Amino acid sequence: MRTANATAAVVVAVPLALGGLASQSHAQSPSPSPSGTFGSGCSALSQKVSTVKDKVSEAAAAYPELSQLVSATVRAKLNGALDGKPDITVFAPNNQAFKNVTASQLASLLSNQGELKKVLTYHVVDKQITPNELSNGSFTTVEGSKLTTSGSGTDFKVNGKANIVCGNIKAANATIYVIDSVLQPPS
């Protein structure tokens, strides 16, 4: 009886530990796009506070790893504008991304509201982007320039440089993809 119970526990635990990936094994693509939240960086985010009812600014504020982005968005006076847009996608630089910007570049950016707004709106696309669209995407940002996405499975890059470390986070008006670099719009 003990062996049967232990075997049953393993049969139940393995699919749960794999995050339900076993249910996707019937897909024909060798690396199907995820349908839920994905990425190695998701465990670093505290997802207990944000709910799908929250607008993008509140949702981002619920994640301590996005505190630098939230602070910059408030400084650029963009939080209300982003919350008022329906169905957007935000490529949200995490705190580590801001640490990778030199201190002088960051100070210059934070002291120039116009430039800060330009950089931040380059991270926003005026449509909800699904994981299926990330493999070979080209999107016009709210700032007006293009950004590209590439990859497969759960391994995606933005502009060939920034890794999506946690993706497909849902907010009331947005899909959030957390990235590990601050993107710069083309000059």
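**Entry 1: strand 1**

I began with strand 1 (88–93) and found that six of its six residues are buried, so strand 1 is largely enclosed by the rest of the structure. Buried here means under 20% relative accessible area, exposed means over 50%, and partly exposed lies in between, with a 1.4 Å probe and protein chains only. Helices (H or I, at least four residues) and strands (E, at least two) are DSSP runs, numbered from the N terminus.

I noted for the record that this is a predicted model, in which local features need pLDDT of at least 70 and side-chain atom pairs count only at pLDDT 80 or more, while totals for chains, interfaces and linings use all residues. Residues are numbered from 1 along each chain as its sequence is written, and side-chain values use heavy atoms, with hydrogens and water left out.

I then looked at which way the side chains of strand 1 point: Ile88, Val90 and Ala92 go one way, Thr89, Phe91 and Pro93 go the other way, and all are buried. In a regular strand the side chains alternate between the two faces of the sheet.

I followed the strand order next and read an open sheet of seven strands, 2-1-7-6-5-4-3, with mixed pairing; two strands pair if DSSP finds at least two bridges between them. Strand 2 (124–125) and strand 3 (136–140) are the edge strands, each pairing on one side only.

Strand 1 runs parallel to strand 7, joined to it by six bridges, and Thr89 stands opposite Thr175 of strand 7. With strand 2, strand 1 pairs in the antiparallel sense over two bridges, where Val90 has Val124 as its bridge partner.

**Entry 2: the cores**

I looked up the largest nonpolar core, which has 32 residues, and saw that Val56, Ile88, Leu120, Ile169, Ile176 and Val178 touch the most other members. Such a core is a set of buried Ala, Val, Leu, Ile, Met, Phe, Trp, Tyr and Cys residues joined through side-chain atoms within 4.5 Å. Among the elements that each supply at least two residues of this core are helix 2 (56–61), strand 1, strand 6 (162–170) and strand 7 (174–179). A second, separate core of 15 residues includes Phe38, Phe91, Ile129 and Tyr177.

Leaving aside residues up to four places away in sequence, Val56 touches Leu82, Asp83, Ile88, Val90, Ala171, Asn173, Ala174 and Ile176, a contact being heavy atoms within 4.5 Å.

**Entry 3: salt bridges**

I found two salt bridges in the structure, each defined as a side-chain nitrogen of Lys or Arg within 4 Å of a carboxyl oxygen of Asp or Glu.

In one of them Asp126 pairs with Lys85, the closest N and O atoms being 3.4 Å apart. This pair links distant parts of the chain, 41 residues apart, with Asp126 in the loop between strand 2 and strand 3 and Lys85 in the loop between helix 4 (79–83) and strand 1. Asp126 counts as partly exposed because its relative accessibility is 46%, and Lys85, at 23%, counts as partly exposed too.

Glu133 forms a salt bridge with Lys127, where the closest N and O atoms are 2.6 Å apart. Glu133 is partly exposed at 27% relative accessible area, and Lys127 is partly exposed at 33%.
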